[in-house]
Amino acid sequence: MSTDTVAYVEESEFDALLTEEKVVVVDFTATWCGPCRLVSPLMDQLAEEFQDSAKVVKIDIDNNKPVFKRFGLRSIPAVLFFKDGNLVESIIGVSAYEQFSDAVQKLL
């Protein structure tokens, strides 16, 4: 289950991803979430724009509740930005594409 650009990752892959990639953007989502569908194309755009410098992934919260709870998240869509394995920024809810791209720019 993945889109053209942004792959879904499971909790088991998540920590390894944070150590392998310098900048990781994680879109916490669910199939039943309407606002998540608005964020999804923005994540595809982000993945394309920053394909050489950042890894953009999605996590389905229904299948990966522990990793969702680990970051104290209560609502989706929630996009978390990691640098060198550390959480540096979160954007909760639907936002403009510029907010997401600016957050990635700051980490590069």
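Modeller: Take helix H2, where the buried residues are Cys36, Val39, Ser40, Leu42, Met43, Asp44, Leu46 and Ala47. Keep in mind throughout that this is a predicted model. The helix covers residues 34–49. Its buried residues pack against strand E2 (23–29), strand E3 (55–60), E4 and H4.

Cys36 forms a disulfide with Cys33, and the two sulfur atoms are 2.2 Å apart. In general terms, such a link is a covalent bond between the sulfur atoms of two cysteines. A search of the whole structure finds one disulfide. The link of Cys33 and Cys36 is right-handed, with 80° about the S-S bond. Cys36 has a relative accessible area of 3%, so it counts as buried, the limit being under 20%. Cys33 is also at 3% relative accessibility and therefore counts as buried.

Next comes the helix partner of H2. H2 and H4 pack with their axes 10 Å apart, at an angle of about 35°. Their crossing is right-handed. On the H2 side, the contact is made by Val39, Leu42, Met43, Gln45, Leu46 and Glu49. On the H4 side, Tyr97, Phe100, Ser101, Val104 and Gln105 take part. Sorted by class, the contact of H2 with H4 has seven nonpolar, three polar and one charged residues.

One of the H4 residues in this contact is Ser101, and it can be followed in more detail. Helix H4 spans residues 97–107, and Ser101 lies within it. Setting aside neighbours within four places in sequence, Ser101 is in contact with Leu46, Glu49 and Phe50. Of these, Leu46 and Glu49 are on the H2 side of the helix contact. Ser101 has a relative accessible area of 8%, which means that it is buried. Its side chain also reaches the backbone oxygen of Glu98, at 3.2 Å.

E3 is among the elements that the buried residues of H2 pack against, and the loop between E3 and H3 holds Asn64. Asn64 is at 2% relative accessibility and so counts as buried. The side chains of Asn64 and Glu10 are joined by a polar contact of 3.3 Å. A polar atom of the Asn64 side chain also lies 3.0 Å from the backbone oxygen of Asp60. Not counting residues up to four places away in sequence, Asn64 touches Val9, Glu10, Glu11 and Ile59.

E4 is another of the elements packed against the buried residues of H2. The loop between helix H3 (65–70) and strand E4 (78–83) contains Phe71. At 23% relative accessibility, Phe71 is not under the 20% limit for buried and therefore counts as partly exposed. With residues up to four places away in sequence left out, Phe71 touches Phe14, Phe28, Leu80, Phe82 and Leu87. As for Leu87, it is 16 residues from Phe71 in sequence, while their C-alpha atoms are 8.9 Å apart in space.

How values were computed
Residues numbered from 1 in each chain as written. Predicted model: local features only at pLDDT ≥ 70, side-chain atom pairs only at ≥ 80, totals over all residues. Heavy atoms only, no water. Disulfide = S-S within 2.5 Å. Buried < 20%, exposed > 50% of the residue type's maximum accessible area, 1.4 Å probe, protein only. Helix = DSSP H or I, 4+ residues; strand = E, 2+ residues; numbered from the N terminus. Polar contact = N/O pair within 3.5 Å; in protein donor to acceptor, adjacent residues only side chain to side chain. Contact = heavy atoms within 4.5 Å. Axes fitted to C-alpha atoms, helices over the stretch in contact; angles between N-to-C directions. Left-handed = near helix turned anticlockwise from the far one by under 90°. Nonpolar A, V, L, I, M, F, W, Y, C, P; charged D, E, K, R; others polar.
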